[in-house]
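Please read the following report alongside the sequence and the structure shown here.

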Amino acid sequence: MNFAEFYQRSIDTPEQFWRDEATLIDWNIPHTQVLDYSRPPFAKWFVGGRTNLCHNAVDRWCATQGDKAALIAISTETNTEKTYSFNELQSEVERCAAIMLALGVGRGDRVLIYMPMIAEAAFAMLACARIGAIHSVVFGGFAANSLASRIDDAKPALIVSADAGSRNGKAIPYKHLLDAAIELSNAKPAKVLLVDRGLAPMALVAGRDVDYATLRAVHLDARVPVTWLESNEASYILYTSGTTGKPKGVQRDVGGYAVALASSMKYNFCAKAGETFFATSDIGWVVGHSYIVYGPLIAGMASIMYEGLPVCPDAGIWWSIVEKYKVTRMFSAPTAIRVLRKQPPEFMRKYDLSSLRALYLAGEPLDETTSQWIAGELGVPIIDNYWQTETGWPILSIAKGVEDRPTRLGSPGVAMYGYKVKLLNESTGEECGANEKGVLVIDGPLPPGCMQTVYGDDRRFVDTYWSTFAGRQVYSTFDWGVRDADGYYFILGRTDDVINVAGHRLGTREIEESISSHANVSEVAVVGVEDKLKGQVAIAFAIVKHAEQIATAEGRQALEREIMGVVDRQLGAVARPARVYFVPQLPKTRSGKLLRRSIQAICEGRNPGDLTAIEDPASLQQIKSALQV
Ligand code: ATP
Ligand code: MG
């Protein structure tokens, strides 16, 4: 098939296009209308249709491949590994659903899931989907304050949690955080369901807290039929990472999401039922929702759920999993690949990776160096894909399942079917031509699977996302991009990551890409810092590959000069960073996104802001120390 034609059909005749795609999933009652866009920008897909995410992910496959692997839960933290067949998964989900029903959870009620990467977290998500409860997964280990604000926003009837997560072999107790969060919140849940992993002591609050294992035993033989939901009922709420500000509760539907996932599994991930998918993300993020839990299962694939670090017990762990479970499609983030690049390559060469067909990367810009390195090591296509919590599935990528088009280094690819992607000039709002920088926007209606609204706040949905350009209602991604003459997009960073040096507007991302091409740089962050003379100057913080070079002051200076030279040659002296500092790590969110704003604040002597999503607070201290040297 020709992708250009395929794409054009999705844009010219969206209703026919998505009517066809809707047949990829099971419906209890077919829809009466493909799209209702009578109240833009609110789009309703498959109106009147009744379906269920859990049915499509689990029950549907029990009939044809009930004994095949569905969920493979691996923890290198607790050294446990367990495979659940579709039949077993169905039983576990029904038990969990029965527990929820017994605890008084009903259709439309919210269930907050604050869990580590254990199988019960997936059971809980699927159980909610089964009974029509709306789940809101909150990344495990978030501090009490961030948890409390999400509790207040979602007002859950039930919270599902565990005694502890684990990181690098150390238990991270959850229960006291949870208790503190509930204490802080105004919307207290009636019940708290707790999985006891035996990792940390846990005191149950009488009348509120209940034990998962005990109730599971009570409901061991429970049969809970699926609740058929109208396509536009809410399936879940997921808060954005909060890289740029207060997290927004992204609300998703049922039918549109199921169809979008089924389509993207087919066209983007070339899914084959019976094969194994491995997404290394976390269920607390959108990738975990779409491509650990729902997407692979809807496609009849086994999905690996991994708790642990990419380098423990050693840097070969992921590749040993690929070999053992014959993973065909793997999904990760550039940040993880950069971590692996710092390790000796022997670890990946030890394993038979012949089952692997492609590696998908998303979440942040994929620099060319990292992309080329991993492509060379794995010998499979590396497929970048650009999207957001808000969209639920890729906006830009290469749909190898439609046409085997080549990828282009540095580009996540072309606009995906259903997305009317455009670049608009920030000041005039005019559409950009080839190679012209603009804000990446999407014309409504957003395709199936994208957010319906901000939970409980339609106004905020319109004001935040659809009101950037006066007199024109378009969805803004708040990312800068440029498109080449062949329709390939390049993401140049977030609209608030642009710096202004003596009147020149520069994307910090471009400067980072340039610095990354230096052989001794494994990672870099560039921020704009206030400067009396020039308005702003670029400051770079780099992690080196070989530390010997920065052991002495002369070495550091030499490397700094080399790096400045690279930027001079590639982008011009105007983009040259005023300083390059060397740090052992960079402040990132737990989903691997650089906290440029916090770095910038520190450079300007301001408070680094809300840091609840930060991976390692020590990284901020390291920035401070580097500045003092
Ligand atoms: P918040 O919106 O709360 O600030 P966030 O934007 O970090 O949080 P996500 O929805 O997880 O939360 O991230 C989406 C963003 O990540 C995109 O808007 C883009 O900036 C970046 N991104 C994702 N994938 C890619 C990619 N393949 N290439 C470049 N950037 C990417
Ligand atoms: Mg965002």
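Which side chains does a polar contact of 2.8 Å join? That contact, a pair of N or O atoms within 3.5 Å of which one must be able to donate a hydrogen and the other to accept it, with residues adjacent in sequence counting only if both atoms are side-chain atoms, joins the side chains of Thr280 and Ser332.

This is a predicted model, in which local features need pLDDT of at least 70 and side-chain atom pairs count only at pLDDT 80 or more, while totals for chains, interfaces and linings use all residues. Residues are numbered from 1 along each chain as its sequence is written, and side-chain values use heavy atoms, without hydrogens and water.

Thr280 is buried, with a relative accessible area of 17%, where buried means under 20%, exposed over 50% and partly exposed in between, with a 1.4 Å probe and protein chains only. Not counting residues up to four places away in sequence, Thr280 touches Trp318, Met330, Phe331 and Ser332, a contact being heavy atoms within 4.5 Å.

Two arginines lie over aromatic faces, a placement that requires CZ of Arg, or NZ of Lys, within 6 Å of the ring centre and within 35 degrees of the ring normal.

| Charged residue | Ring | Distance from ring centre |
|---|---|---|
| Arg39 | Phe42 | 4.3 Å |
| Arg408 | Tyr488 | 4.0 Å |

Technical notes: Chains are lettered from A and ligands numbered from 1 in the order in which they are written.
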